[in-house]
Amino acid sequence: MASSMLNGAESVTLIRGIGAKGSSLSSSGINGRSFSKMGSVSFNRYSKGRTLVTKCSLSSSSRPASQPRFIQHKQEAFWFYRFLSIVYDHVINPGHWTEDMRDDALEPADLNDRNMIVVDVGGGTGFTTLGIVKHVDAKNVTILDQSPHQLAKAREKAPLKDCKIIEGDAEDLPFPTDYADRYVSAGSIEYWPDPQRGIKEAYRVLKLGGKACLIGPVYPTFWLSRFFADAWMLFPKEEEYIEWFKKAGFKDVQLKRIGPKWYRGVRRHGLIMGCSVTGVKPASGDSPLKLGPKVEDVRKPVNPMVFLLRLILGALAGTYYVLVPIYMWIKDLIVPKGMPI
Ligand SMILES: C[S@@+](CC[C@H](N)C(=O)[O-])C[C@H]1O[C@@H](n2cnc3c(N)ncnc32)[C@H](O)[C@@H]1O
């Protein structure tokens, strides 16, 4: 099921995915509806009686993506995960990143050969890697993360025992150019001070014809959710993802919307795992995009008070997003099935 938008000179396709939550944007489509410049889009009744009404944040002007939110910063992200890794799999994932969402999000990655070389960047505790090794031999998969504490959890998981597990930075990957068949990164971009650089790295490490699959948050439209999202970390808009992929040199860029079942397709609060963006590398070698120096130099000393304040404020803002899925879950229980919530 496809529709398209004209976004300036660009044509972007929206393809329906699975259930009310699933739909996607791609860079090469025809045939469909146009997105309003006012920043929201909705999809109404399609043929065969299937209905999808979705709101997402789309606007013609993007915020500066490299502007650090409190935890969109490598040192704060390190300490944030020092503590969050203790409860991550049991407290965070069930509200935002369920197994069925993961499988839905990985589907556009086309993991169709057990011998593929796959890198899982920002792989953390290995939750997404568990989805990858269903399709690809674990010995061909590398999990990379900046947090040794998150990686320690991945090491405990039996299905991942043959994976390579390494510490590293998504913006400066320790893999050769033209190395991997697939690049996967789930729920990590929101902490990268320079997301465009991370996506350029995704391009570089892929082989010719290789595919990147980046799963990440989407920006809220509800004012309170926007306030906490902005204070916490980066929630990109859908068109920002597409722009970053295209600038890095990717072709056939597509965006598939995902979300927890009990949200019933609601996107106004933003989603920590809200879309799966894919792109194909059309030529071997490095990305054609040239960037200046890194936004953040982790070796530079930071003011400990500023660091602590950012960490505390960022973590407090993040707490709001522990409550949102609970609120939506209660609403889903109360509001009769088939009604909007
Ligand atoms: C929300 S967790 C997602 C973990 C895993 N991909 C999953 O699906 O559950 C985000 C992960 O990104 C990692 N991360 C944040 N910034 C990073 C960076 N610059 N380089 C590598 N990993 C990073 C964090 O340490 C954390 O483990």
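Asp-110 lies in the loop between helix 2 (99-106) and strand 4 (118-121), where helices (H or I, at least four residues) and strands (E, at least two) are DSSP runs, numbered from the N terminus. The structure is a predicted model, in which local features need pLDDT of at least 70 and side-chain atom pairs count only at pLDDT 80 or more, while totals for chains, interfaces and linings use all residues. Residues are numbered from 1 along each chain as its sequence is written.

Although Asp-110 is not a glycine, its phi is positive, at about 50 degrees. Most residues other than glycine have a negative phi. Asp-110 counts as partly exposed because 15 C-beta neighbours lie inside 10 Å; a residue is buried if 20 or more other C-beta atoms lie within 10 Å of its own, exposed if 12 or fewer, and partly exposed in between, with C-beta atoms placed from the backbone. Asp-178, which is found in the loop between strand 6 (164-167) and strand 7 (180-186), is not a glycine either and has a positive phi of about 60 degrees. With 15 C-beta neighbours inside 10 Å, Asp-178 counts as partly exposed.

Turning to the protein as a whole, there are 8 helices and 10 strands, and 49% of the 341 residues count as buried. Among contacts between residues at least 6 apart in sequence, 70% join residues at least 24 apart, two residues being in contact if their C-beta atoms, placed from the backbone, lie within 7 Å.

Helix 5 (residues 195-205) is largely enclosed by the rest of the structure, because 11 of its 11 residues are buried. The buried residues include Pro-195, Gln-196, Arg-197 and Gly-198, as well as Lys-200, Glu-201 and Arg-204. What covers the buried residues of helix 5 includes strand 4, strand 7, strand 8 (206-218) and helix 7 (238-248).

In the loop between strand 7 and helix 5 is Trp-192, which is buried, with 30 other C-beta atoms within 10 Å. When residues up to four places away in sequence are not counted, Trp-192 touches Ala-170, Glu-171 and Gly-198, and Gly-198 is itself one of the buried residues of helix 5. From C-alpha to C-alpha, Trp-192 and Ala-77 are 8.8 Å apart in space, although 115 residues apart in sequence.

A further buried loop residue is Lys-281, placed between strand 10 (271-280) and helix 8 (304-334); it counts as buried because it has 25 C-beta neighbours inside 10 Å. Leaving aside neighbours within four places in sequence, Lys-281 is in contact with Tyr-203, Leu-206, Leu-208, Gly-209, Gly-210 and Phe-250; of these, Tyr-203 is among the buried residues of helix 5. The C-alpha atoms of Lys-281 and Asp-252 are separated by 8.9 Å, the two residues being 29 apart along the chain.

With helix 4 (residues 148-155), helix 1 packs at an angle of about 25 degrees, the axes lying 8 Å apart; axes are lines fitted to C-alpha atoms, for helices over the stretch in contact, and angles run from 0 to 180 degrees between N-to-C directions. That makes helix 1 roughly parallel to helix 4, since angles under 35 degrees count as roughly parallel, over 145 as roughly antiparallel, 65 to 115 as roughly perpendicular and the rest as oblique. Tyr-81, Arg-82, Ser-85, Tyr-88 and Asp-89 of helix 1 make this contact with His-149, Gln-150 and Lys-153 of helix 4. By class, the contact has 2 nonpolar, 3 polar and 3 charged residues, where Ala, Val, Leu, Ile, Met, Phe, Trp, Tyr, Cys and Pro count as nonpolar, Asp, Glu, Lys and Arg as charged, and the others, Gly among them, as polar.

The axes of helix 1 and helix 8 come within 11 Å and cross at roughly 10 degrees, and these two helices are therefore roughly parallel to each other. Among the residues that meet are Trp-79 and Phe-80 in helix 1 and Phe-307, Leu-311 and Val-322 in helix 8. This contact has 8 nonpolar, 4 polar and 2 charged residues. UniProt places the feature "transmembrane region" (unreviewed entry) at residues 307-330; its positions are given in the numbering used here, feature names are shortened, and annotations may be inferred rather than shown by experiment. Residues 307-330 are 100% helix and 0% strand, with end C-alpha atoms 36 Å apart.

Helix 1 also gives the most to the shell around the ligand, with 3 residues.
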